Amino acid sequence: MQTSFSPEQLADPHVAESEKILRKCVHCGFCTATCPTYVTLGNELDSPRGRIYLIKDMLENDRPADREVVTHIDRCLSCLACTTTCPSGVDYMHLVDHARIHIEKTYRRPLMDRLIRSLLAAVLPYPARFRLALKLAKIGRPLAPLLRKAAPLKPLAAMLELAPSDVAPAVDRPAVHAPVTERRGRVAILSGCAQPVLDPAINEATIRLLTRLGIEVVVPKGEGCCGALVHHMGREEQALAFARRNVDVWMGAVEEGGLDAIIITASGCGTTIKDYGHMLRLDPAYAEKAAKISGLAKDITEYLATLELPALERNGLSVAYHSACSMQHGQKITMAPKTLLKAAGFVVRDPAEGHLCCGSAGTYNIMQPEISGQLKARKVRNIEATRADIIATGNIGCMTQIATGTAMPILHTVELLEWVYGGEQPAKLRQKQKTSG
């Protein structure tokens, strides 16, 4: 794609990077076939190619974002299926990140939109606040049908409908978990923000499995949200503040006793943490440290694949594996989870259209509930068509989204692995057996 940025514009490193990305696009349109919003809406401006044109025009002319640009960029899930498809290597992720930052700085959203976004940014990344919000949501849930009737209030209705009926109690996170057998390694694990509130069993299962395998697991004091939630809202300073805090915490753990890896059990977080080196590349105080942290970041299945777990006999259970977009497109991890599940004795089934997003995408299922609902229904149909016993995935957002559309039990991949390699049966499977028995 030909561009015409001025030398003054290209003096800005963010603009210079976007210009290089834009020049790689050859207008081929391969991306449209795998873009969830284009497949759903059929609008060229809701495809990666269409959004690239909008972003180019906005940045090249150095003008504020307008309503049309904001509408179509907001509809982007950042699922990154387009980057997997693109034959030219267009780095759409960093281009749309730049566009969102530009929108946040130059566009004044309607009042209710601003309030809802501010609420999400002030609550979701903070476990104590998020836990309180979920408890209040139980009281407010009967209001959801009424809120859904007014377009500006639909995100509030979506929040209430997505909130779980039960909220897990707070856990004391900072700790060092010693290996049960002879020590084979030492890792840190991301506590995160939303996952320990929505499903603390995921990290608990991870710690139990790793310590049984001889891995010391450190939960450092002071870590928190990876920054992904606000990063995708264009709130870059808040996202970078989260990133710097985690870099400092994990570098402290590295200096205390070394780390083989930083284990991440939410693939959406993993994609962002692996990008810390890029996000902080212009910060002289953090560029080198952030790059080191990004290099240490490993999805739990990515790390387990290096430990050579023993192969087990078939256990008679079939698993529909849902590959989160942040896993398959963001981190390019496609085989490790399925290979681990097969080796653990499960029959793994691949749902049709596995490349398409389930519609979760961070806060997308709140801010774009109608499109998200269509994608969820499509995803659930494909998963249920496998006739598997269980759904497995590696991202809490996907788990929450898909669970609202099906009665099939959905678990994190590591929960199933922890069970068959010596742990207790996950509570969700015990409950399923009780209701079906």
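Buried, in what follows, means under 20% relative accessible area, with exposed over 50% and partly exposed in between, using a 1.4 Å probe and protein chains only. Helices (H or I, at least four residues) and strands (E, at least two) are DSSP runs, numbered from the N terminus. This is a predicted model, in which local features need pLDDT of at least 70 and side-chain atom pairs count only at pLDDT 80 or more, while totals for chains, interfaces and linings use all residues. Residues are numbered from 1 along each chain as its sequence is written, and side-chain values use heavy atoms, with hydrogens and water left out.

I start with helix H4, residues 48-60. H4 has 13 residues and reaches 18 Å from its first C-alpha to its last, close to the 18 Å expected at 1.5 Å a residue; the expected span is 1.5 Å times one less than the number of residues. Of the 13 residues of H4, 10 are buried, so the rest of the structure largely encloses this helix.

Two strands pair if DSSP finds at least two bridges between them.

Now the individual pairs. E1 and E3 (residues 215-219) pair in the antiparallel sense over 3 bridges, and alanine 175 has valine 219 in E3 as its bridge partner. E2 pairs with E3 in the parallel sense over 4 bridges, with glycine 185 opposite isoleucine 215. E2 also pairs with E4 in the parallel sense, over 3 bridges, and there valine 187 stands opposite alanine 261.

How many residues of E2 are buried? The count is 5 of its 5. Gly185, Val187 and Ile189 point one way, and Arg186 and Ala188 the other way. Axes here are lines fitted to C-alpha atoms, for helices over the stretch in contact, and angles run from 0 to 180 degrees between N-to-C directions.

In the loop between helix H12 (195-198) and H13 sits aspartate 199. Is aspartate 199 buried or exposed? Aspartate 199 is buried, at a relative accessible area of 10%. Its side chain makes a polar contact of 3.3 Å with that of lysine 428. A polar contact is a pair of N or O atoms within 3.5 Å; within protein, one must be able to donate a hydrogen and the other to accept it, and residues adjacent in sequence count only if both atoms are side-chain atoms. Leaving aside neighbours within four places in sequence, aspartate 199 is also in contact with Ile396, Met399 and Glu415.

Terms used. Contact = heavy atoms within 4.5 Å.
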